[in-house]
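Subject: A structure to look through, with notes on its salt bridges

Dear colleague,

I am handing over the structure below, and I would be glad if you could read the notes with it open beside you.

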Amino acid sequence: MSDQAFVTIKNAAKSYGTLEVLKDINLTVQRGQIVAIIGPSGSGKSTLLRAINELDPLTSGEVWLEDVQINKKLPHRQYEAHVNQVRQDIGMVFQHFNLFPHLTVRGNITLAPRMLKGLSEADANKLAEEQLAKVGLSEKIDEYPSRLSGGQKQRVAIARALAMKPKVMLFDEATSALDPELVEEVNLVMKQLAEEHMTMIIVTHEMDFAASVCDRVLFMDQGVVVEEGPPSVIFQNPENERTRNFLRKHLSR
Amino acid sequence: MDTELILRVYPFFIEAAWVTIQLSVLTAALGLACGALGAAARLSRLAIFRWIAATYVSVIRGTPALIQVFILYFGGPQVGIQLDSFAAGTIALGVNIGAYMTETIRGAIVSVDKGQTEAARTLGMSRWQTMRKVVLPQAARLMIRPLGVNINALIKGTALVAPISVVELTYTAQRFIGSTYKPFEMFLLSGLLYMVIIYVVGQGIHWLDRRARIT
């Protein structure tokens with residue numbers, strides 16, 4: 001089971017006009033694996049992550065989740081129906097949380113499951129309670145997002161994504177917008193997911209977190225994967241000069 | 001100032017104010033309908049709809065509302081559109097304010113943070129589900145005030161149907177000036193009534209805006 005390809009990216013390339021932001025990237029993530037993508041800003045790491053669920057479609061190449069090609073070329077209507085379907089299996093957490101401010105925490109979590117999975121109100125409420133308990137915010141169920149701290153917002157955002165029972169979770173700099181003292185509570189939730197063997201792809205600037213939680217680390221720069229390997233190798237013994245330079249700046253802090 | 005004259009004629013002005021109110025309500029309703037359609041077209045995936053809406057907005061905003069009223073009322077019969085002055089006035093003004101409301105509504109929709117759409121789409125919601133459940137409820141709050149500005153303008157704009165003899169406030173003032181030669185009193189009286197209407201509507205908009213903010 002564990003050596004089975006779960007998320008596969010083949011020859012991924014993306015360009016805006018003449019600007020190439022991703023160049024021939026290949027990546028295979030196995031079930032239950034946790035992969036960190038690190039690199040300087042503008043390296044293409046967020047773009048790659050956002051290509052996985054078609055938020056930023058690739059110019060060429062393929063993205064697969066198990067045996068389903070996510071970025072299939074289809075006529076518009078079929079394409080929309082297809083991505084709406086596959087996105088239900090791919091949870092995503094954003095830097096700026098993107099909670100729905102007009103809905104309570106409960107509303108945020110239950111909206112998609114009710115609409116897309118036809119859950120009854122009672123079932124959806126139960127689901128919201130479960131997911132909130134998991135991120136330790138049961139008492140906030142009827143609050144509006146504006147009443148929550150950044151860390152709480154991000155935990156609710158994680159609960160919202162988990163409520164769709166995704167097969168894989170994507171984290172796009174989930175703690176970058178947080179005050180330093182709020183980072184840990186979000187990291188704890190992510191660690192907990194790791195212990196439950198959730199497949200995760202994490203774009204992050206936090207080297208310590210990547211080192212302690214991830215099975216593999218990809219270092220990207222200028223649209224290519226410069227180096228990849230287990231955190232022990234990447235962080236302690238990187239081969240590539242660019243990787244070393246990047247890490248020198250980030251680890252010395 | 002001839003207060004006695006004012007006391008004698010004011011019932012006619014009250015009646016005229018009622019016509020102005022009816023005009024305003026119908027114009028606003030038509031304008032909102034045009035604005036909603038226009039905004040949907042402006043944001044459409046299909047270029048043809050975007051083009052039609054952009055043309056509508058630029059033609060209407062690029063010409064005086066008075067000319068639009070005249071074209072429909074005086075020019076209409078030439079091309080087989082025969083409307084009484086009230087209907088012609090309402091339609092012309094409604095279509096006119098609709099162009100401004102198109103931009104207001106579109107502006108509110110596009111100013112909802114893009115992250116909201118991304119979050120909803122990422123959960124698997126369709127474009128339309130996202131629009132209906134996530135974007136529009138937030139845009140609706142953002143558009144209350146600017147739509148209030150449009151409505152304020154359209155109430156004052158109803159004076160533009162006076163030249164086609166709709167018996168509203170401005171026309172009524174002019175009519176009484178003809179018989180009394182007291183333009184100061186007559187225009188003052190109609191101006192005052194416009195102000196009352198606008199004040200009440202303004203309070204309503206303010207109330208709506210505050211209520212929308214709390215939730």
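Predicted model: local features only at pLDDT ≥ 70, side-chain atom pairs only at ≥ 80, totals over all residues.

Residues are numbered from 1 along each chain as its sequence is written, chains are lettered from A and ligands numbered from 1 in the order in which they are written, and side-chain values use heavy atoms, with hydrogens and water left out.

Over all chains, the structure holds 20 salt bridges (a side-chain nitrogen of Lys or Arg within 4 Å of a carboxyl oxygen of Asp or Glu). One of them joins Arg155(A) to Glu185(A), with the closest N and O atoms 2.5 Å apart. This pair links distant parts of the chain, since Arg155(A) is in helix H5 (residues 150-162) of chain A and Glu185(A) is in helix H6 (residues 180-195) of chain A, 30 residues apart; helices are DSSP runs of H or I with at least four residues, numbered from the N terminus. Arg155(A) counts as buried, at 12% relative accessibility (buried means under 20% relative accessible area, exposed over 50%, and partly exposed in between, with a 1.4 Å probe and protein chains only).

In chain B, Lys114(B) and Glu118(B) meet in a salt bridge of 3.5 Å, N to O, and both lie in helix H5 (residues 114-122), 4 residues apart, about one turn of the helix. Lys114(B) is exposed at 59%, whereas Glu118(B) is buried at 12%.

Best wishes

Notes: Helix = DSSP H or I, 4+ residues; strand = E, 2+ residues; numbered from the N terminus.
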